[in-house]
Amino acid sequence: MLSTPSAVAPRVHRERSSRSPRASRLLSWLTCLGMGLAIAGCGPTDDQDYTHPLAEGELICGRPDFKQMFPYSIRSTKRPVLVHYYKESEWETARQVLAAVEKGWDYHVNRLGMRPAIKDSGECGPDDFFDVFVWKGHRSCLVDVLSGDASTPWDDRRGYMIVDPWGPYGGPELEETVVHEMAHASQAADDWYESPITFEMSAVFTDQVYADRYIKTYFDDFQAHPDWALDYYDDYETWYMYGSSMYLLYLKDRFFGGEPQFISNMWLGSRNPPGAQDDQTLNEPDFADALDAMLKDKRSSYVETVPEFSRWRWYTGDHVDDRHFHHFKDGLENLKAAKLTLAAQQEATPGTISIDSKTAPMMLGTSYIELSAGSGTPQTVYVSLEAPSDAGRRFVVQAVPGLTPDSDGEFLDLSSGPKQLKFAADQRRTLIVNVLPTGTYDPDLRTDDRYPFSIVVSDHP
Ligand SMILES: [Ca+2]
Ligand SMILES: [Ca+2]
Ligand SMILES: [Ca+2]
């Protein structure tokens, strides 16, 4: 049984809140001028056993009672950031949040090269500074957005942040939570309506680089669903989108010398004119187009990375080695715990292994089939692939692990008939079966259709 995030935590975890984008035209800022420190008469006491009077999910920007909701604020002296808080006694906490926001800003903008959060023209708070709300009882931490900057041709959005330092993502996690949210603030400066998976995939990728550590939890759900499209949007049912950061770790280490800054170019190349908010097909270009352009001189493309990434994805769990991912300083145990779910695991006896429509891969999805040599296994094993005809997709089959010191696996071209399958020293071998498009690919047009197939094991070609 899959343990979904809803079983252990709210489904909305550090999300960018794009599921209910509140990019509404908010009330103009009329009433609250001059947000000063310590406005008298707002009556906070030192009692910390309370939750903020505004319920989680309520709009804050542009409210007439903004000053009552957040009477206090600290202004950054380094970045255009204003942190709002409710009780005078929360100054120290607000100061910690501000320090984390400044760190996150510097990390994403100066180290990774992302765009800073765009100025909000006073659409939130008293001026054009980026607003951050220290909101006790708002368990989820998030960045949400306001309007876009009409002077830019791409679909950027002005953002603001809500953080609950006392909630499940505060405490010792506060800094990482805030740095994670600052990833979303930067994303909003390029494209707030990119393919849904990119937001958490990219933010968690940068989280791990920031922490120099594989982060627990996320990979398990990603590895549990290799059949899903690599860019599948599961609507936050699991941590899949967070764990898909493994793909960006692969790109970093395989194509970009272990350096994370390519992520900035992915977002820059994803910018498109407004429209995708209401019609996702207008997300042109999308992150896959951006990666295609970035990988072209490396003679690869987004789709073409899928088979190789599927191999790297196998070299996790019990198969972690030193030849694939450049390991972070910490958390290797989390990569070792990221065990792939197999579509089938059985002895290689002559017969048919059917991967039916329930578990078959989606487009850009993968089946892992582990075969072992046993008493019923022929002296020489041949495998072939059968599937209903479909001009829109092709299967790519590989076998891992590699059988020589310089190999990490090989392609089996089954289009021309059965091929011999050799076993590794432990008498096992895993087939990796990818579904890829025969034509162009667009993540915004992909369906969730599955592509059943069978592997036929025999003792002759
Ligand atoms: Ca503002
Ligand atoms: Ca598209
Ligand atoms: Ca885009």
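**Note on the predicted model**

1. Lys-78 counts as exposed because 11 C-beta neighbours lie inside 10 Å of this residue, and the cut-off for exposure is 12 or fewer. The residue belongs to the loop that links strand S1 (72–75) with strand S2 (81–85). Its C-alpha atom is separated by 7.6 Å from that of Glu-102, although the two residues are 24 apart along the chain.

2. The structure is a predicted model. The protein chain has an average pLDDT of 90, and 90% of the residues score at least 70. Over residues 17–46, however, the pLDDT is below 50, and the model gives this stretch 44 contacts beyond near neighbours in sequence. For residues 1–15 the pLDDT likewise stays under 50, with 27 contacts beyond four places in sequence. Where pLDDT is low, the predicted coordinates should not be read in detail.

3. Five strands form an open sheet with mixed pairing, in the order S1-S2-S3-S5-S4. S1 and strand S4 (142–145) are the edge strands, each pairing on one side only. On average, neighbouring strands of this sheet are turned by 25° against each other, direction ignored.

4. Within the sheet, strand S3 (residues 130–134) and strand S5 (residues 159–163) run parallel and are joined by three bridges. Val-132 stands opposite Met-161 in S5.

5. Helix H4 (residues 174–188) lies across S3, S4 and S5, and runs at about 165° to S5.

How values were computed. Residues are numbered from 1 along each chain as its sequence is written. Chains are lettered from A and ligands numbered from 1 in the order in which they are written. This is a predicted model: local features need pLDDT of at least 70, side-chain atom pairs count only at pLDDT 80 or more; totals for chains, interfaces and linings use all residues. Helices (H or I, at least four residues) and strands (E, at least two) are DSSP runs, numbered from the N terminus. A residue is buried if 20 or more other C-beta atoms lie within 10 Å of its own, exposed if 12 or fewer, and partly exposed in between; C-beta atoms are placed from the backbone. pLDDT is the predictor's confidence in each residue, from 0 to 100. Two residues are in contact if their C-beta atoms, placed from the backbone, lie within 7 Å. Two strands pair if DSSP finds at least two bridges between them. Axes are lines fitted to C-alpha atoms, for helices over the stretch in contact, and angles run from 0 to 180 degrees between N-to-C directions.
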